[in-house]
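Good morning, everyone, and thank you for making time for this short talk. Please have a look at the sequence and the structure while I bring them up.

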Amino acid sequence: MVKNCLGLVLVVTLLGIEVFAQRIPVPFLAKDKWEFSGFIGFGGAGDDTFVTPVEEGTTKNVKLDIDQGYALGIRITENRGRFFGAELEYSVTNHPLSFQQLSTALPSITLDHRMHKLAYSFLLYGLGQEKIIRPFGSVGLGTSFFHVSSDSRDKALMQGADLKNRWKLAVSYGGGVKVKLTPGWGLRVDFRNQITGVPDFGFPSQAPLLALGGTGLGFRPDGVLYSWQTIIGFIYAFR
């Protein structure tokens, strides 16, 4: 429901940009050096199945699902000339987390989980700073913190799983559009993707083979994780 509502807002906003821009007088287009913005949106990371080794040469398939949820964040942007910029951004996305086939005793578990993202990015604008509408692309480096809530960690521990929060280095990229609304205010719409390694959440990379049959806890992450965001926010520009 949240995704559908925000998606409708984004579509209506983008459709109205060109009409609105034609009504804005040109004299206010000051070349502000700094911009501060807050934003809201939604994001997700999807699911995948990971082949995890078991003692004595066998394997099992463990499924990890990082579901969609709301995203909130802030950023500070420095404009460096007509076509370039740089910015520091922090966001948190609510990502319900679930595992399947971790062990025979724990075939599935769902956890309260949030992903905290920090990124420093460089911006390249398609139009100069004097323009009302400015499309842009971005690329940067950062980190993601995969945080399972204390209640969920306690719940998992009672079932034999000792979960750990994890940091991962990240590459961030995306694009969007900025629209000037008044001399000091604007609107910004972004699509962002942050690439990290898959966290292990503290599980052993090899599952033990139990004496009475079945397997113990094990999860071996492999490859990369793509965590995307679609966000909209207001900009406050100043010198």
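Predicted model: local features only at pLDDT ≥ 70, side-chain atom pairs only at ≥ 80, totals over all residues.

Residues are numbered from 1 along each chain as its sequence is written, and side-chain values use heavy atoms, with hydrogens and water left out.

Strand β3 covers residues 58–66 and pairs with β2 in the antiparallel sense over 9 bridges, where pairing requires that DSSP finds at least two bridges between the strands. Both belong to an open sheet of 4 strands, in the order β2-β3-β6-β7, with antiparallel pairing. At its edges lie β2 (46–54) and β7 (108–111), each of which pairs on one side only.

Stepping back to the protein chain, we find 2 helices and 12 strands, these being DSSP runs numbered from the N terminus, with H or I over at least four residues for helices and E over at least two for strands. From the N terminus on, the elements run α-β-β-β-β-β-β-β-β-β-α-β-β-β.

How much of the protein chain is buried? Of its 239 residues, 46% are buried, meaning under 20% relative accessible area with a 1.4 Å probe, protein chains only.

Definitions and conventions: Buried < 20%, exposed > 50% of the residue type's maximum accessible area, 1.4 Å probe, protein only.
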